[in-house]
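Happy to go through this one with you.

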Amino acid sequence: MNNLYAVLLAGGTGTRMGTEVPKQFLKIRGESLLRHSVKRFRSFGLIKSITIVSHPDWILETEKELDDLLEGNDRIVPGGESRHLSTLCGIHSISYDTKDIFFIHDVARPNFKQNELYQLVEQTKIFGGASLVAKSTESLVRVRIHTNYTEEPLKRDEVYAVKTPQSIAGFMISELVAEGLDADIRKHPTDLCTWMGKRRVGIVETDYHNVKVTSPGDAELADSLFWEELPTVE
């Protein structure tokens with residue numbers, strides 16, 4: 001491993017939240033989701049640079065929001081038409097080596113932990129990519145598209161919810177990019193696990209603190225579960 005980079009996806013526009021500002025600017029504990037994510041990666045101390053991928057219309061607001069947190073190697077770049085294209089915008093803005101590792105993170109998740117980042121790095125060294133996951137606590141069934149019934153219960157012990165941060169090595173990025181993308185953005189990968197397809201993805205178990213904010217109610221939940229972990233930068 002040479003360098004660690006963080007690509008933070010913050011390209012929301014507020015449409016699904018029904019708010020005047022995108023969800024990355026919603027506040028919990030007095031600060032925006034965006035600032036919480038940047039501060040957690042900054043406190044990790046091993047990150048060479050942080051790249052914020054923003055919707056073009058909100059780049060100026062993002063700059064203002066992070067004015068006191070971004071450093072010389074950091075950058076804000078415009079995103080693409082899909083989550084995956086936005087991820088690639090962030091990655092391709094950096095000159096990276098095959099041994100470098102990228103963290104990919106959705107800033108709608110403010111509650112990841114520093115020890116999880118260490119574990120992601122170790123898993124990425126083994127598999128080329130890794131993801132935070134959480135065990136299912138519910139019984140699960142499969143429902144086929146355009147049907148109103150189920151005929152297939154799933155084994156709960158074998159099903160995990162995918163979270164972020166996720167991580168991927170430079171050599172794996174090069175391999176996946178070479179495979180190309182479907183012209184239909186609806187068929188683009190929705191996260192690292194779907195991008196890697198049948199390849200093995202290392203997993204790091206997280207817990208209920210890692211809540212994704214997709215509605216105003218989620219913001220209240222994330223606030224109540226907020227994990228106060230910001231150790232010293234080394």
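Predicted model: local features only at pLDDT ≥ 70, side-chain atom pairs only at ≥ 80, totals over all residues.

Q: What makes the ring pair of Phe41 and Phe103 stacked, edge-to-face or tilted?
A: Start with the distance: the ring centres are 5.7 Å apart, and a pair needs centres within 6.5 Å. Next comes the angle between the planes, which is 45 degrees. Stacked needs under 30 degrees and edge-to-face over 60, so this pair is tilted.

Q: Which parts of the chain does the pair of Phe41 and Phe103 tie together?
A: Phe41 belongs to helix 1 (residues 33-44), while Phe103 belongs to strand 6 (residues 101-106). The pair therefore ties together parts that are 62 residues apart in sequence. Phe41 also has 0% relative accessibility, so this residue counts as buried.

Q: Which residues do ring pairs link into a cluster with Phe41 and Phe103?
A: Phe44, Phe112 and Tyr118 are linked with them by ring pairs. The structure holds 7 aromatic pairs.

Q: How do you know whether Tyr5 is buried or exposed?
A: Tyr5 has a relative accessibility of 5%. Buried means under 20%, so Tyr5 counts as buried. Tyr5 sits in strand 1. Leaving aside neighbours within four places in sequence, its contacts include Ile47, Lys48 and Ser49, as well as Ile101, Phe102 and Phe103.

Q: What makes strand 1 and strand 4 a pair?
A: Two strands pair if there are at least two bridges between them. Strand 1 (residues 4-10) and strand 4 have 7 bridges, in the parallel sense, so they count as a pair. Leu9 stands opposite Val53 of strand 4.

Q: How do you know that strand 4 and strand 5 pair?
A: They share 4 bridges, again in the parallel sense, and the requirement is at least two. Across these strands, Ile52 is opposite Ile76 and Val53 is opposite Val77.

Q: Which path does the chain take from strand 4 to strand 5?
A: The chain crosses through helix 2 (residues 59-65), and this β-α-β crossover is right-handed.

Q: Why is strand 4 called mostly covered?
A: Strand 4 (residues 47-54) has 8 residues, and 7 of them are buried. For the chain of 234 residues, 48% count as buried.

Q: What makes the chain as compact as a globular protein of its length?
A: The secondary structure comes to 7 helices and 11 strands. The radius of gyration is 18 Å, close to the 17 Å that the globule rule gives for 234 residues, so the chain is as compact as a globular protein of that length. Its C-alpha atoms fill a box of roughly 55 × 40 × 35 Å along the principal axes.

Q: How many of the contacts between residues at least 6 apart in sequence join residues at least 24 apart?
A: In this chain, 75% of those contacts do.

Technical notes:
Residues numbered from 1 in each chain as written. Heavy atoms only, no water. Buried < 20%, exposed > 50% of the residue type's maximum accessible area, 1.4 Å probe, protein only. Helix = DSSP H or I, 4+ residues; strand = E, 2+ residues; numbered from the N terminus. Right-handed = clockwise from strand over helix to strand, strands pointing away. Contact = heavy atoms within 4.5 Å. Phe/Tyr/Trp six-rings, centres within 6.5 Å; stacked < 30°, edge-to-face > 60°. Rg over C-alpha atoms; globule rule 2.2 N^0.38 Å.
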